[in-house]
Amino acid sequence: MNRRKTASILSLAFLCAVSVASIAQTTRSNAPSEAGVVSPDASRQPAAIVGRVKSEDPAANLRGVVVVLHRDGRPVARTVTNDKGEFRFLGIRPGPFALTAAKPEVGGGIARGVAKPGEPTRVQIELKKRG
């Protein structure tokens with residue numbers, strides 16, 4: 001084999017190796033920190049939290065309530081409610097959690113629970129105005 005062909009083959013092999021490493025790094029860096037990996041082992045399956053906020057005021061607008069998922073006392077994810085006051089966190093790590101929900105004109109509330117792998121955990125948060 002001549003030098004040119006050898007150099008071309010080596011260059012092509014190097015580019016392939018760099019591309020594979022780059023794709024692997026991108027896949028790891030884009031994975032959400034709370035996402036679980038689906039596995040036959042049930043304890044490694046992701047969990048989900050689905051819920052609804054309610055208010056002591058039946059006329060309250062429940063759209064846009066901010067719901068924050070906390071783990072070990074730290075916020076790890078957030079979402080906002082739809083027109084019906086519904087929210088969800090999908091593909092999260094199973095285990096204990098706390099949720100806080102608040103909207104200035106409606107009030108705030110807290111819920112705690114344990115997200116189980118492979119099944120949705122249902123939560124309802126009662127929003128109450130402060131003092």
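I looked up the elements and found 1 helix and 7 strands in the protein; helices are DSSP runs of H or I with at least four residues, strands are runs of E with at least two, and numbering starts at the N terminus. The model is predicted, with pLDDT of at least 70 needed for local features and 80 or more for side-chain atom pairs, while totals for chains, interfaces and linings use all residues. Residues are numbered from 1 along each chain as its sequence is written, and side-chain values use heavy atoms, with hydrogens and water left out.

I read the elements along the sequence as α-β-β-β-β-β-β-β.

I then looked up a sheet. An open sheet is formed by 3 strands in the order β4-β1-β7, with mixed pairing; two strands pair if DSSP finds at least two bridges between them. I noted β4 (86-92) and β7 (120-127) as the edge strands, each pairing on one side only. Neighbouring strands here are turned by 20° against each other on average, direction ignored; the axes are lines fitted to C-alpha atoms, and angles run from 0 to 180 degrees between N-to-C directions.

I checked β1 (residues 47-55) against β4: the two run antiparallel and are joined by 5 bridges. Gly51 stands opposite Phe87 in β4.

Last, I took the totals for the protein. Of its 131 residues, 28% are buried (under 20% relative accessible area, 1.4 Å probe, protein chains only). The accessible surface comes to about 9,100 Å², 56% of which belongs to carbon and sulfur atoms (Shrake-Rupley method, 1.4 Å probe). Among contacts (heavy atoms within 4.5 Å) between residues at least 6 apart in sequence, 54% join residues at least 24 apart.

Definitions and conventions
Buried means under 20% relative accessible area, exposed over 50%, partly exposed in between (1.4 Å probe, protein chains only).
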